[in-house]
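Welcome, and please take a look at the model below.

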Amino acid sequence: MTALWDLAGAARTIDLAHPYRVGMPQSPNHPPFRMVMERRHGDMVREDGGSAANEFLVLGGHVGTHVDALAHVSQDGLLHGGVKAADVMSHKGFSRLGADEFQPFVGRAVLLDVTAVHGVPVLPAGYQITAQDLEAARERAGVTIRPGDAILIASGWSRRWAETEAFVGQTNGVPGPGEEAGKWLAAKKPRLVGAESIAFEHIPAGQGHARLPVHRLMLVEHGINIVETMNLTELIDSGSREFLLILAGLNLAGATGSPVRPLALVHPS
C-alpha cells in the first residue's frame, strides 16, 4: 500500500489563497486588514546581540481568503436549522454555528470553469452566472459531482486582484452565481462551495451587497459553507478540474468567519 505522504509528495500543490496585505481588496462591510510592526529589530537587543521583531494583526473574519460560518447569515431572525439568532448570539460571539464548528475539509473538489464556457479569461463585471453555465462547465470538465464534494466556480476574477476598486465592484459589479445557480449548487449537496470574488454572489453594477440570495440558500437553508476571495488563477491555468482540496480555518470560538489557506493537490503536469 502506498503511504499517504508519498501520494501527497507526488502531487503538485497549488495555493488558492491571496496574500494578506494592507490595502488589499475587501468588502466595505467588514473591518479592514491591518498589520503594524510592534517591535522592530534593534528596539530590544539581548546581551548576546540577538533581537526579535513582531507585529499586531487586526482583521475581520471575512477579509481575504476566508470561510463563512453558518452563523454569518440569518433570514427572518433564524440561522440554519431554525436556530434563533438572538438565542445564540452575544457580544462574545455565537454559542452555535460559529467558525469553531466548521470541520476542516480534506476531500475531492471540482472546478467549474465558466470562463472556458464563454471563451474569455475573465467574466464581465456584473455578469450573472446561471445554472446553465454551471452545467455547461461541468460537462466541459467531464466530471460528476458527488454529495460531500467541494465545488469551486471559476470566473477569472482573481486576475483582477491588483485592481482594487474594480475587484470590489461597487461601481461596475462583480460576476457571480445568481439565485437559480445557487439552487443548482445546493441540489448537488456539496460540503462547501467557493469562488474568486469577495461575495459568493452576482453583484449587479451600482448595487453593492444590497441582496445576498445565494448566501441565504447556502448558509441558512442548506448548511453549506462558502469560501470567498479564492485565488484560482493558477488552478484554472493548470487544466485540473478535479483534485484533492485541503482547507481549514482558525478555531475561532463563536466567530462568523475565519481566514483560510486552501491547498489544491493536483496531478503534476
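## A strand with two faces

Buried here means under 20% relative accessible area, exposed means over 50%, and partly exposed lies in between, with a 1.4 Å probe and protein chains only. Helices (H or I, at least four residues) and strands (E, at least two) are DSSP runs, numbered from the N terminus.

Before going further, please note that this is a predicted model, in which local features need pLDDT of at least 70, side-chain atom pairs count only at pLDDT 80 or more, and totals for chains, interfaces and linings use all residues. Residues are numbered from 1 along each chain as its sequence is written, and side-chain values use heavy atoms, with hydrogens and water left out.

Is Leu244 buried, partly exposed or exposed? With a relative accessibility of 33%, Leu244 counts as partly exposed. This residue lies in strand 13 and touches Val106, Gly107, Leu263, Ala264 and Leu265, leaving out residues up to four places away in sequence. Contact means heavy atoms within 4.5 Å.

Leu244 has Leu265 in strand 15 as its bridge partner. Pro147 is 97 residues from Leu244 along the chain, and their C-alpha atoms are separated by 15 Å.

Now to the wider picture. Nine strands make up an open sheet of mixed pairing, in the order 1-15-13-7-9-11-12-4-14. Strand 1 (12-15) and strand 14 (257-259) are at the edges with a single partner strand each, so one side of each has no neighbour in the sheet. From one strand to the next, the twist averages 25 degrees. Two strands count as paired if DSSP finds at least two bridges between them.

Strand 13 (residues 242-247) pairs with strand 15 (residues 263-266) in the antiparallel sense over three bridges, and Leu245 has Ala264 as its bridge partner in strand 15. Strand 7 and strand 13 are also paired in the antiparallel sense, over six bridges, with Val110 opposite Glu242. Strand 7 and strand 9, by contrast, run parallel and are joined by five bridges; here Leu111 stands opposite Leu152. Strand 9 pairs with strand 11 in the parallel sense over four bridges, and Ile153 has Ala195 of strand 11 as its bridge partner.

## Enclosed elements

How many of the five residues of strand 9 are buried? Five of the five are, so strand 9 is largely enclosed by the rest of the structure. Ala150, Leu152 and Ala154 are buried on one side, and Ile151 and Ile153 on the other.

Helix 7 has eight of its nine residues buried, so this helix too is largely enclosed by the rest of the structure. Its buried residues, among them His215, Arg216 and Met218, pack against strand 4, strand 10 (176-177), helix 6, strand 11 and strand 12. After helix 7 comes Gly223, whose phi is positive, near 65 degrees.

## Nonpolar cores

A nonpolar core is a set of buried Ala, Val, Leu, Ile, Met, Phe, Trp, Tyr and Cys residues joined through side-chain atoms within 4.5 Å. The largest one has 35 residues, and Leu134, Ile153, Leu185, Phe200 and Met218 have the most contacts inside it. Helix 7 supplies the largest share of this core, five residues.

Leaving aside neighbours within four places in sequence, Leu134 is in contact with Leu112, Val114, Ile129, Ile153, Ala181, Trp184 and Leu185. A second, separate core of 22 residues includes Phe102, Leu192, Ala264 and Val266.

## The largest pocket

A pocket is an open set of points on a 1 Å grid over the protein atoms alone, where a 1.4 Å probe fits, with protein on both sides within 12 Å along at least five of seven lines; lining residues have an atom within 4 Å of a point. The largest pocket holds about 310 Å³ of space, a volume filled by probe spheres set on the points, which are joined across faces, edges and corners.

This pocket is lined by 13 residues, and Ala11, Leu244, Leu265, Val266 and His267 lie nearest its centre. Strand 13 gives the most to the lining, with three residues.

How values were computed. Axes are lines fitted to C-alpha atoms, for helices over the stretch in contact, and angles run from 0 to 180 degrees between N-to-C directions.
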